[in-house]
Amino acid sequence: MKYYSTNRQVPEVSYEEAIFNGLPDDNGLYMPETIPTLPADFFENIGDMKLHDIAYEVASRFIGEEIPEKELRRIVEETLSFDLPIVEVEKGIYSLELYHGPTCAFKDVGARFLARCLSYFSAKEGKKSTILVATSGDTGAAVGSGFYGVENIEVIILYPKGKISKIQEQQLTTFGKNIQACEVRGTFDDCQKMVKDAFLNKELKEKYNLTSANSINMARLIPQSFYYFWTYAMLKDMGDLVVSVPSGNFGNLTAGLLGQKMGLPIKQFIASTNVNDIVPSYLTSGQFEPRPSTSTISNAMDVGNPSNFYRMKEVFGSSWEDMKEGVKGYAYDDKITAETVADIYRKTDYLMDPHGAVGYLGLKEYMKDHPNSIGVFLETAHPAKFGDVVEPIIKQEVEMPERLAEFARRTKVSTEIDATQEELKKVLETL
Ligand SMILES: N[C@@H](CCOP(=O)(O)O)C(=O)O
C-alpha cells in the first residue's frame with residue numbers, strides 16, 4: 001500500500017515512511033492510494049470472530065507486507081489488551097465504551113498501535129525519533145503512556161495552559177523518563193500549529209527526526225477504525241446501525257468513514273460537536289471556516305481547525321453534497337450537555353462524560369426521524385477524567401479507577417512556554 005498527500009505535491013510513500021514523516025512536506029495529510037475493501041464473507045462471519053482477528057484483518061489491508069503477519073498480530077493483541085464493551089443505555093441506544101485502556105480514553109487504541117508500529121521499524125533500523133504531539137486533553141496522556149520508556153523515542157506533549165481537566169493535566173505531566181510536557185500559553189489550535197510548523201521546518205525535522213502522534217499520523221488513524229468493525233460484529237443482527245461520534249479533530253469519525261468505505265455496513269455517521277461546530281456548519285453551508293476554539297466542558301473537542309477535515313473531503317471526492325449525505329452534523333452547548341449528563345444518569349443510572357453526552361445528543365436528534373435504527377454513541381473517555389465538571393452536575397462523587405487515582409498522586413512537571421516556534425526550539429534543544 002502506498003500513501004499519497006492530500007495536497008498532491010510530493011511523491012507517494014510506504015506505510016513506514018508515512019508514519020515516520022507524520023505529515024507530508026507539502027502540508028497535506030497522508031491517505032492510502034486506494035481504500036482497501038474486505039470480502040463479503042468477512043462480513044458474513046464477523047459475528048463469530050474475535051476482536052484481535054477482526055483488527056488484524058483490517059490493519060493488514062493498510063500495511064501489507066511491511067510488517068510480517070506474526071508481528072502485526074502481536075501489535076494488534078498488545079494494542080487491544082482491554083475490553084471495548086457495548087452497553088445498552090436505553091432501548092435501541094448503545095454506548096460503545098472506549099475508556100477501558102490505561103489512560104481511560106479512546107486514544108489508547110491509536111496511541112498503543114502507533115507506538116508499537118514505530119518501535120517495530122525503529123528496532124529494525126536503529127532509528128531515533130522525537131514525537132511532537134498536541135493535545136486538548138486525552139491524546140497527550142495516551143501517547144505518553146503508549147511511548148513511556150520506549151527506546152530511541154523522545155516525546156514532547158504540548159497542551160493549552162488552563163484548558164484541560166485537572167486529572168488530564170496530572171496524567172500527561174507526570175510520566176517522566178522520555179516523556180516531557182509543555183504547558184502552552186494559548187489554545188489547542190496554537191499547539192497543533194506549533195507541531196505542524198515544526199514538521200514543515202526541514203532543518204528541525206531532520207535534526208530531531210520529528211514525527212507526530214496526533215491523528216494526522218496514519219498509524220493513529222487506522223486502529224481507530226477497529227472498534228467500528230467490532231460494533232458491527234456485536235450488533236449486526238439488531239437492525240440498521242447509526243453511529244454518533246463526539247468530534248474535535250475528526251480523526252475518530254474519519255476512521256469510521258474509512259471502515260465504511262472498506263465495506264462496513266454502517267448506515268449513517270453522525271458528527272456531534274460542542275460549540276466548536278466548524279464541521280456541522282460546513283455541512284450546512286458548504287463553507288469550511290476554521291476559527292479560534294472556545295473552551296467548553298467537553299474540552300477534548302475544543303478544536304477550531306479540525307485536522308482531518310481534508311481527509312473527510314478525500315473520502316467524499318471533495319463533494320459537499322456527498323459529505324452532507326454521508327455525515328449528519330449537530331452541535332450542542334455546555335448547558336444542554338450538562339443537563340443531559342444529569343438527566344440520563346437520573347433516568348437510567350448510566351453516567352456519561354460530557355463528550356459522550358454530546359454524542360448521545362446527536363444520536364437522539366438523528367433518531368427522531370429514524371426511530372427504527374439501532375443507535376450507538378462513542379463514550380470516548382471515563383467520566384472520572386472530568387470529575388471537576390461531572391460531580392457538580394450529578395451532585396455526587398464519581399468513583400475514580402485506580403489507574404487514574406495513581407496519576408493524581410504524582411507530582412506535576414511541565415515547562416511553561418509561549419505559543420511560538422522559538423520557544424519550542426528551546427525545548428527541543430534540551431533533548
Ligand atoms: N481531542 C484531542 C485533540 C487531538 O486530536 P488527535 O486525535 O488528532 O490527537 C485530544 O484529546 O488531545
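The legends below describe close-up views of a predicted model.

**View 1. Residues around the ligand.** The ligand is surrounded by 13 residues. Thr135, Asp138, Thr139, Ser215 and Asn249 are the closest of them. Sorted by class, this shell holds eleven polar residues, one charged residue and one nonpolar residue.

**View 2. Helix α6, residues 139–147.** Nine of the nine residues of α6 are buried, so the helix is largely enclosed by the rest of the structure. The buried residues include Thr139 at one end and Phe147 at the other, with Gly140, Gly144 and Gly146 also among them. Thr139 is also one of the residues closest to the ligand. The partners against which the buried residues of α6 pack are the helices α5 (107–125) and α7 and the strands β5 (129–134), β6 and β7. After the helix comes Gly149, with a positive phi near 75°.

**View 3. The largest nonpolar core and Leu158.** This core has 130 residues. Ile157 and Leu158 have the most contacts inside it. When neighbours within four places in sequence are left aside, Leu158 is in contact with Ala134, Cys182, Val184, Cys191, Met194 and Val195. In soluble globular proteins, nonpolar side chains tend to be buried together.

**View 4. An open sheet of five strands.** The strands follow the order β8-β5-β6-β7-β13, and their pairing is parallel. The edges are formed by β8 (210–212) and β13 (415–418); each has a single partner strand, so one side of each is left without a neighbour in the sheet. On average, neighbouring strands are turned by 30° against each other, direction ignored.

**View 5. Strand β13 and helix α20.** Four bridges pair β13 with β7 (residues 179–185) in the parallel sense. Arg185 has Asp418 of β13 as its bridge partner. Helix α20 (residues 421–429) packs on the sheet and touches β6 (153–160), β7 and β13. The direction of α20 makes about 145° with that of β13.

View 6. Strands β3 (residues 86–90) and β4 (residues 93–97) run antiparallel and are joined by four bridges.

**View 7. Strands β9 and β10.** β9 (residues 241–246) pairs with β10 in the parallel sense over five bridges. Val245 has Ala271 of β10 as its bridge partner. β10 (residues 268–273) is mostly covered, with six of its six residues buried. Gln268, Ile270 and Ser272 point one way from β10, while Phe269, Ala271 and Thr273 point the other way. In a regular strand the side chains alternate between the two faces of the sheet.

View 8. Arg8 lies in the loop between β1 (3–5) and α1 (15–21). Its phi is near 55°, a positive value in a residue other than glycine. Arg8 counts as exposed because it has 10 C-beta neighbours inside 10 Å. Lys177 is in the loop between α7 (166–172) and β7. The phi of Lys177 is also positive, near 50°. Lys177 has 12 C-beta neighbours inside 10 Å and therefore counts as exposed. Most residues other than glycine have a negative phi.

Note on methods
Residues numbered from 1 in each chain as written. Predicted model: local features only at pLDDT ≥ 70, side-chain atom pairs only at ≥ 80, totals over all residues. Near = placed C-beta within 6 Å. Nonpolar A, V, L, I, M, F, W, Y, C, P; charged D, E, K, R; others polar. Core = buried A, V, L, I, M, F, W, Y, C linked by C-beta atoms within 7 Å. Buried ≥ 20, exposed ≤ 12 C-beta atoms within 10 Å, placed from the backbone. Contact = placed C-beta atoms within 7 Å. Pairing = 2+ DSSP bridges. Helix = DSSP H or I, 4+ residues; strand = E, 2+ residues; numbered from the N terminus. Axes fitted to C-alpha atoms, helices over the stretch in contact; angles between N-to-C directions.
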